[in-house]
Amino acid sequence: MTSSLLPVTQTWPDDLAALYKARGYWRGETFPAMLRRIGAQHGDRIAFSEGARQESYRDFAARAQAFGAGLLERGYAPGDRVLIQLGNSIAFFHAAFGLFAAGLVPVYALPAHRRTEIAHLLRKSQAVAMITHDRLDGFDHAGLAAQMLEEIPGLRDAFIVGEAGALTGFDSIAGDPATLPEDPDPQSVAFLQISGGSTGMSKLIPRTHDDYIYSLWASNEICGVTEDSVYGAVLPVAHNFTMSSPGCYGALYAGARVVLFPSPVPDAAFPLIRQEGVTITGLVPPLALLWLDAAEKAGGARTARDLASLKVLLVGGAKFLPESARRVKPVLGCTLQQVFGMAEGLVNYTRLDDDEATITQTQGRPISPDDEVRVLDDAGNPVADGTPGHLLTRGPYTIRGYHDEPAANERSFEDGWYRTGDIVIRHPSGHLTVQGRAGDHINRAGEKISAEEVEDHLVAHPAVLDAVVVSIPDAKLGERIAAFILPKEGQALRAVDIRKFMRSRQVAPFKTPDEIRFVTGFGTTAVGKISRKTLRAELREEVLKAEAAEARKTEEEKI
Ligand code: AMP
Ligand code: DBH
């Protein structure tokens, strides 16, 4: 069975790999070795707090290794891919590090993913097993897992955290750690992370031990994470930001404590920060705004008491506007660290000692002195600092290609440079300010959604002739999803029908359009057939103009 698997690989040219090693970025440590090291080095210290439950590094390492060994006893082999769909729980880390220990390759799905995404990720990765909860946020994950076992060829097991029913209990898998294999090649692929995707479905991002672990310890240095830190995992831990910037994995690398937040809302999160003494956490901009507003409402003394331990707040995943960024220090009493990263690699941070203007007006500069950045105009020529252009990058932890995506690789990689799709300005200091996106994806509160993917779902509706999906700037979400729908002749459609239909497609709820508009035609002004890209841009312009006119009218009425 293993032999028919498409291998997962990620290779840099020999000269660059040699350079990255010589410079000390790639240190040859692997995740199974890291697990043994932290289990021994920090044995008695607490690795995780989840509600009233705490787990030491020693117990964490032992449980993860037993799980990995149990999988080998069950007939799984190094190189096998296993999908993990778990929320912010210690089980996530038992699963991921257990797979590492056994040489198996985790594929990280998000808790919000539904049947469509899970089936795609299972097929694309050729997963042989999946690990999920019985239920989470009212969704029957065990039910979905049972369905997947029927449908996906090669999927042999679903391991359930919680009530397993007819499936296999995650806790029942335990073997003898003495049977674990030797450590893998540090330059081999450790796991498959997923991209938000600008066209179609999510792509799989193969990350190696060497490259990812470099991003962890280097992030720790930049963000001041040491074994005395307490990292608050507020966003889903499967997100690359929460995982590695510096995230839970960075915290574990340092022997710090990870506090798993059951909810990001201020009423629950603020008391937990106080109770656990959280020193650093990361949020997407809409949540940061929610925290800022709540803290202001609660008043200075109360906020100061709740957030006294919090030293650093990372904000990233989407653009954080300077006017919001300026409020962080006075309102929350901690240092803002902006982070502009991507699961494909490159991560930029403002530095803790950057001046106020740099912290509030830029999204940081790259982690590594050997992160190479190019900012190009539409014709591919470099632009001067201060001029917006397309961001391309390559470096010691940026991938050279997606797994099994020849067409996307053709589009997104050029001579080893990753075309990020972001439009940025570079400042002489090397700091970048994100201006927008070249491509057609929507960044909705940090979740990246492909316009094309949503359009594909909408046109599957039997009464829809065509659909165009665009992103609209939104005060709360950053961007929201607007869908323009052209019904088939004689078909009466309502927004509620479309919402229901999206649910029936079993896709992550965050992909359902926030705004649905019905139209009687598209692009009448253009000569011949216009491109989707142009059409999306035109429709977006129309909405923006209409909104501006509406705002002017309201202003005039006030006068
Ligand atoms: P992904 O490739 O799915 O991991 O998403 C990464 C993308 O998120 C980047 O290419 C940016 O478009 C966006 N992003 C991440 N952080 C920021 C930020 N701080 N400001 C603006 N955009 C961001
Ligand atoms: O949005 C992202 O993907 C992201 C944001 C901040 C990321 O991957 C990261 C930091 O590492």
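Hi everyone. A word on conventions: residues are numbered from 1 along each chain as its sequence is written, chains are lettered from A and ligands numbered from 1 in the order in which they are written, and side-chain values use heavy atoms, leaving out hydrogens and water. As this is a predicted model, local features need pLDDT of at least 70 and side-chain atom pairs count only at pLDDT 80 or more, while totals for chains, interfaces and linings use all residues.

Let's begin with ligand 1. There are 18 residues around ligand 1, and Gly196, Val339, Glu344, Asp422 and Lys448 come nearest; a residue counts as near if one of its heavy atoms lies within 4 Å. Now the polar contacts, meaning pairs of N or O atoms within 3.5 Å; within protein, one must be able to donate a hydrogen and the other to accept it, and residues adjacent in sequence count only if both atoms are side-chain atoms. Backbone N or O atoms sit 2.8 Å from a ligand 1 nitrogen at Val339 and 3.3 Å from a ligand 1 nitrogen at Ala318. Arg437 uses an N or O atom of its side chain, 3.4 Å from an oxygen of ligand 1. On its own ligand 1 exposes 500 Å², and the protein buries 92% of that; these areas are Shrake-Rupley values with a 1.4 Å probe, and for residues only the protein chains shown count as cover. Strands S16 (335-342) and S23 (432-437) are the elements giving two or more residues to this shell, with S16 supplying the largest share, four residues. Helices (H or I, at least four residues) and strands (E, at least two) are DSSP runs, numbered from the N terminus.

Which residues surround ligand 2? They are Asn240, Phe241, Ser245, Gly317, Val339, Gly341, Met342, Ala343, Val347 and Lys448. Taken alone, ligand 2 exposes 290 Å², of which the protein buries 90%. Helix H8 (240-244) and S16 each give two or more residues here, and S16 gives the most, three.

On to helix H6, residues 141-151. His141, Ala142, Leu144, Ala145 and Met148 are buried, where buried means under 20% relative accessible area, exposed over 50%, and partly exposed in between (1.4 Å probe, protein chains only). They share one side of H6 because they cover an arc of only 155 degrees around the axis, taken from the directions from the helix axis to the C-beta atoms. Their cover includes helix H5 (115-125) and strand S3 (81-85).

Now Gln363, in the loop between helix H14 (356-361) and strand S18 (365-366). Is Gln363 buried or exposed? Buried, with a relative accessible area of 3%. Its side chain makes a 2.9 Å polar contact with that of Gln338 and reaches the backbone nitrogen of Val434, also at 2.9 Å. Beyond four places in sequence, Gln363 touches residues including Val339, Tyr349 and Leu432, with contact meaning heavy atoms within 4.5 Å.

Last, Pro271 in helix H10 (residues 266-276). Pro271 is partly exposed, at 35%. Thanks, everyone!
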